[in-house]
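Welcome, and please have your viewer ready. We will go from one selection to the next and say what is there.

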Amino acid sequence: MGSVRAIFVLYLLIIVGGITFYCAVGLTHH
Amino acid sequence: MRALWRDNSLALVFLTFFVAALVGQAIAGWHEYNNEALVHHKASIEFGRYLVSSSFGNAVMENWQSEYLQFTLYILLTVWFIQRGSPESKEPGKSGTESDLDQRVGEHARADSPRWARLRGVRLWIYSNSLLLAMGAIWLGSWFAQSVTGWSDYSADRLAHGEPRVDYVGYLGSAQFWESTLQNWQSEFLAVGSMAVLAVYLRQRGSPESKPVGAPHSATGVEG
């Protein structure tokens with residue numbers, strides 16, 4: 001189950017990272 | 001490495017498709033952005049600058065939010081709504097959040113149940129709805145990201161045309177925001193609804209998304 005947990009965390013990091021990054025881009029670029 | 005692939009091939013294949021499609025979108029989007037800049041006699045931008053632009057962020061977030069809305073609604077609505085004959089639906093008469101016994105929570109939890117399934121109160125409620133809460137939060141987060149990148153992009157466009165700025169709330173009421181939102185939603189709703197209905201009569205041998213090939217059309221909630 002160790003690798004399953006790692007994949008779970010990887011997916012969450014991509015999603016949360018993507019959303020946070022583009023929120024910051026949108027809020028700082030105007 | 002073998003165990004990693006054996007246990008996670010579905011997640012890894014989708015992750016690979018995601019990265020490849022995102023890179024493709026970025027390259028094509030960058031070319032399109034610079035083509036537009038050329039037409040409007042503006043300077044072209046570097047690829048790295050495009051990746052951190054509101055234009056690219058908006059295009060990515062617009063699609064993310066609609067996909068997560070789709071899954072959020074599917075998780076939520078299938079608690080109560082039924083499609084007779086669909087492997088995606090519960091059987092008629094089973095709608096609702098079901099008993100603690102059916103859901104193996106509280107005193108009905110088993111030795112291998114997740115720890116929070118054995119608890120009571122707020123933590124059990126959170127864990128009982130955690131998939132919906134996570135998908136819903138991702139939907140709202142990406143929709144918010146779509147709105148602020150769209151606002152930024154829209155403002156830059158108006159500035160370039162010598163038009164007055166709009167504030168964030170003004171952008172939320174704009175035709176552009178709602179067109180880009182709803183054009184994604186309509187396709188998700190149709191795709192999900194048709195998946196639920198087509199799987200009543202049609203089959204894919206070997207897929208857990210389908211009923212077994214020999215299952216009767218009337219069988220509901222049976223996965224292959």
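Angles under 35 degrees count as roughly parallel, over 145 as roughly antiparallel, 65 to 115 as roughly perpendicular and the rest as oblique. This is a predicted model, where local features need pLDDT of at least 70, side-chain atom pairs count only at pLDDT 80 or more, and totals for chains, interfaces and linings use all residues. Residues are numbered from 1 along each chain as its sequence is written, while chains are lettered from A and ligands numbered from 1 in the order in which they are written.

**Stop one: a helix pair.** Select helix 1 (residues 2–39) and helix 3 (residues 54–80) of chain B, whose axes come within 11 Å and cross at roughly 135°. (Helices are DSSP runs of H or I, at least four residues, numbered from the N terminus; axes are lines fitted to C-alpha atoms over the stretch in contact, with angles from 0 to 180 degrees between N-to-C directions.) Helix 1 of chain B and helix 3 of chain B are therefore oblique to each other. Now show B:Gln25, B:Ala26, B:Gly29 and B:Tyr33 of helix 1, which meet B:Ser55, B:Phe56 and B:Ala59 of helix 3. Contact here means C-beta atoms, placed from the backbone, within 7 Å.

**Stop two: a loop.** Next, pick B:Phe81, in the loop between helix 3 and helix 4 (100–103) of chain B. Is B:Phe81 buried or exposed? B:Phe81 is exposed, with 11 other C-beta atoms within 10 Å; the cut-offs are 20 or more for buried, 12 or fewer for exposed, and partly exposed in between. Its C-alpha atom is separated by 32 Å from that of B:Val13, 68 residues apart along the chain.

**Stop three: both chains.** Finally, display chain A too: 12 of its residues are in contact with 21 residues of chain B.

Terms used. Contact = placed C-beta atoms within 7 Å. Helix = DSSP H or I, 4+ residues; strand = E, 2+ residues; numbered from the N terminus.
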